[in-house]
Amino acid sequence: MSSPTGPANGLPVRMPRPRQTGRHRRPEPAVAPEGAPALVLAVPGAPSAASRGLAEEIISIGRSELPGLDARIGYLDGDDAEGAEFRSLSGVLDSVVAERTARAEFARAAGHEVPAPTGPDAVVVPLLAGPDGGLLRRVRQALMDSSAAAELADVLGPHPLLAEGLHVRLSEAGLARADRARLFTVATAADGIILATTGGEEAVQAAGITGMLLAARLAVPVMAAALDQEGSVAAVAAELRGSGSAQLALAPYLIGPEAAEGLLDTACKEADCATAEVLGSYSALGKLAVAQYSAALGITLGAAAH
């Protein structure tokens with residue numbers, strides 16, 4: 001039998017832990033504001049099982065970073081006749097507007113006051129590591145073709161988390177040490193890295209920033225090259241070898257869907273070197289997608305902690 005102050009049998013009472021205050025308290029997780037715009041991930045190329053799975057993993061990580069996030073996937077070469085999961089970017093944006101309009105009409109019919117919408121219907125985050133001008137023009141055209149008031153966020157890079165992802169992919173392929181603190185030798189470790197991207201010269205320059213961060217992690221030279229410019233990879237390989245690198249590796253500065261089939265194989269043959277896998281569903285990509293979404297809206301993640 002219990003008394004008002006606790007169990008009468010002398011068992012210990014589990015009291016709630018007092019909330020920490022000051023600079024050492026844990027930040028409360030950010031939550032997407034009610035009625036916040038949808039995050040629409042713009043995926044290059046045509047839909048496939050592989051690209052769908054990749055995009056869904058990135059979206060899943062994004063939702064864990066920002067609970068309550070309304071996140072969708074739209075393809076630059078989507079087919080709206082094939083169903084919702086293969087919808088084009090403009091089709092997805094149109095569906096966001098239709099759903100918002102339907103919710104507002106339902107609320108009015110139920111007698112609720114519906115404030116006039118403010119801000120965009122959606123924020124479009126391109127699934128690109130760097131600024132591929134051709135693909136970004138197509139993203140902008142899709143925004144113009146839709147009925148949505150949509151904001152276009154920045155691409156995901158350059159960023160230190162992408163350098164980390166490249167390092168992980170190289171180490172998984174046996175082309176780099178997992179970290180510099182480990183002193184064991186990797187027999188196949190490269191002493192020069194070709195950072196391969198798409199999007200021409202602007203993309204190469206942007207990749208070079210992440211390349212400097214990767215070079216600092218690996219303590220080997222890293223140079224960026226354009227997969228979609230003839231001779232670019234071969235020229236960078238020759239420059240690295242000319243400066244003393246004997247064993248090269250190619251690190252794709254790509255998420256995956258943005259590269260035409262066969263580009264990486266051709267580049268490896270031109271450079272005569274091994275390659276790591278693309279960044280793919282590396283966990284940091286979901287975090288970066290949410291960070292770009294938040295930046296476009298002026299939301300500071302973790303603001304509740306301050």
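**Notes on local features**

1. A219 is exposed, with a relative accessible area of 55%. In this note, buried means under 20% relative accessible area, exposed means over 50%, and partly exposed means in between, with a 1.4 Å probe and protein chains only. A219 is located in the loop between α5 (200–218) and β8 (222–226). Helices (H or I, at least four residues) and strands (E, at least two) are DSSP runs, numbered from the N terminus. Although A219 is not a glycine, its phi is positive, at about 60 degrees.

2. The model is predicted, and local features need pLDDT of at least 70, while side-chain atom pairs count only at pLDDT 80 or more; totals for chains, interfaces and linings use all residues. Residues are numbered from 1 along each chain as its sequence is written, and side-chain values use heavy atoms, with hydrogens and water left out.

3. D272 also deserves attention for its backbone. Its phi is near 55 degrees, a positive value in a residue other than glycine. D272 lies in the loop between α7 (263–271) and β10 (274–275), and it counts as exposed at 63% relative accessibility. Most residues other than glycine have a negative phi, and most peptide bonds are trans.

4. Where is P158 found? P158 belongs to the loop between β6 (150–152) and α4 (160–172). The peptide bond that leads from G157 to P158 is cis, with omega near 0 degrees.

5. The salt bridges may be considered next. A salt bridge is a side-chain nitrogen of Lys or Arg within 4 Å of a carboxyl oxygen of Asp or Glu. By this rule the structure has 6 salt bridges. One of the linked groups is a network of salt bridges that joins D70, R72 and E99.

6. E56 and R52 form a salt bridge in which the closest N and O atoms are 3.1 Å apart. The two residues are 4 residues apart in helix α1 (residues 49–65), so about one helical turn separates them. E56 is partly exposed at 42% relative accessibility, whereas R52 is buried, with a relative accessible area of 17%.

7. E172 counts as exposed at 54% relative accessibility, while R169 is buried at 14% relative accessible area.

8. Which parts does the salt bridge between D121 and R100 tie together? The closest N and O atoms of D121 and R100 are 3.7 Å apart. D121 lies in the loop between α2 and β5 (122–126) and R100 lies in helix α2, so the pair ties together parts that are 21 residues apart in sequence. D121 is buried, with a relative accessible area of 14%.

9. D79, D80, E82 and D94 form a negative surface patch. Patches are made of residues with over 30% relative accessible area and no salt bridge, with like charges joined within 9 Å and nonpolar side chains (Val, Leu, Ile, Met, Phe, Trp, Tyr) joined within 5 Å. Asp and Glu count as negative and Lys and Arg as positive, whereas His and the chain ends are not counted. The place of a charge is taken as NZ of Lys, CZ of Arg, CG of Asp or CD of Glu, and accessible areas come from the Shrake-Rupley method with a 1.4 Å probe, only the protein chains shown counting as cover for residues. D94 is found in helix α2 (residues 89–109) and is partly exposed, with a relative accessible area of 30%.

10. How many disulfides does the structure hold? The number is 0, a disulfide being a pair of cysteine sulfur atoms within 2.5 Å. C268 is in no disulfide, and its nearest cysteine sulfur, that of C273, is 5.3 Å away. C273 is likewise in no disulfide. C268 is buried at 13% relative accessible area, and C273 is buried at 14%.

11. The C-alpha atoms of Q247 and C273 are separated by 7.5 Å, and the residues are 26 residues apart along the chain. Q247 is found in the loop between α6 (232–242) and β9 (248–252), and it is partly exposed, with a relative accessible area of 36%.
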